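Student: Could you take me through the reading of sheets and of a nonpolar core in a model such as this one?
Tutor: Gladly; please look at the structure first.

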Amino acid sequence: MRTTTGTRVRSRTGPRARARPRAAIPNAAPVLRPMSATTGMEVAGVDLRQPLPEETTRAIRRALCEWGVVTFRDQAIAPAQHLAFARRFGEVPPSEFLVTAPGFPQIGEIRKEPDQTRNVGGNWHSDHSFDPVPPLGAVLYARELPARGGDTLFANMAAAYDSLSDGLRETLSSLRAVHAKRNAFHADDRPERRPSAAQRARFDEEYAGRECVHPVITTHPETGRRVLFVNPTYTVRFEGWTGRESAPLLQYLHAHATRPENTCRFQWREGSIAFWDNRTALHYALNDYHGARRLMHRAVVAG
Ligand SMILES: [Fe+2]
């Protein structure tokens, strides 16, 4: 079987998978398995403590761009190895909003403690879409997990674009949308995410200038695919439209983009990694594990 990018894919079981000889060069023979029909590719046969051959790095990058997210299992890596892997794909800047791992300002901690109810990333979004150049992606590594829950959902926004009608694509092609950091504190009124009036006033002041305008349809710089680029966390309205005018069409697009057909779900185990392409995929961190700790390490690859 081959994917649309021409990458070799093997089924999870079967004689070929069992008969695979041990690669003479470490990490030279990754095995790629789609996580759904549109979104996500699991990469097996790779140990990220070992050097990655150039060809393997390219295969991972192709799968990342085409499928929106690549995942790895059972990786026992230290922060330095995490950082080295992320740097194969671009610059890794210091983490902006998060507490960082000791000695590694580029490795941010995504942490939820048993007494906290709000999590990080608990609604559909692409990271930093309120910045002029959002990140290429992020490499998230599971260090400590709840006994159940805490999965992450991904949506492939190129697949979302592909499944729009010609008429709506044409309409969207001339539109641009405003993305604002502070919208994250207005867009979601679920009780566990609703900030107090004082918190909201502080966020509004702190992030007043943190917004920008992006085309609603972008072109992926590596695959050339068209991508629907809006998300319910940061997208405020269409440029030149009021918020009230924008809301019905934005709500339709958010619902369309996150239809099950455009998504996959990643169930973490300790040592798992998800590396998403922030230009292709939205993600959603489920917040269904109150009373337990979840600790992830994140390295962001600059756009
Ligand atoms: Fe995120």
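The dialogue below turns to the sheets and then to the core.

Tutor: This is a predicted model, in which local features need pLDDT of at least 70 and side-chain atom pairs count only at pLDDT 80 or more, while totals for chains, interfaces and linings use all residues. Residues are numbered from 1 along each chain as its sequence is written.

Student: In what order do the eight strands of the open sheet lie?
Tutor: Strands (E, at least two residues) and helices (H or I, at least four) are DSSP runs numbered from the N terminus, and two strands pair if DSSP finds at least two bridges between them. Here the eight strands follow the order β1-β2-β3-β14-β6-β16-β5-β4, with mixed pairing. Because β1 (31-34) and β4 (100-101) stand at the edges with a single partner strand each, one side of each is left without a neighbour in the sheet.

Student: How many bridges join β6 to β16?
Tutor: Strand β6 (residues 137-144) pairs with β16 over seven bridges in the antiparallel sense, and Tyr-141 stands opposite His-297 in β16. Strand β5 (residues 104-112) is joined to β16 by six bridges, also running antiparallel, with Ala-299 as the bridge partner of Ile-107.

Student: Is β16 mostly covered or exposed?
Tutor: A residue is buried if 20 or more other C-beta atoms lie within 10 Å of its own, exposed if 12 or fewer, and partly exposed in between, the C-beta atoms being placed from the backbone. By that criterion seven of the eight residues of β16 (residues 294-301) are buried.

Student: Which residues have the most contacts inside the largest nonpolar core?
Tutor: In soluble globular proteins, nonpolar side chains tend to be buried together. A nonpolar core is a set of buried Ala, Val, Leu, Ile, Met, Phe, Trp, Tyr and Cys residues joined through C-beta atoms within 7 Å. The largest one here has 65 residues, and those with the most contacts inside it are Ala-63, Val-70, Val-139, Met-157 and Leu-228. Helix α2 (residues 54-67) supplies the largest share of this core, six residues.

Student: What is Met-157 in contact with?
Tutor: Two residues are in contact if their C-beta atoms, placed from the backbone, lie within 7 Å. Leaving aside neighbours within four places in sequence, Met-157 has contacts that include Val-227, Leu-228, Phe-229 and Ala-257.
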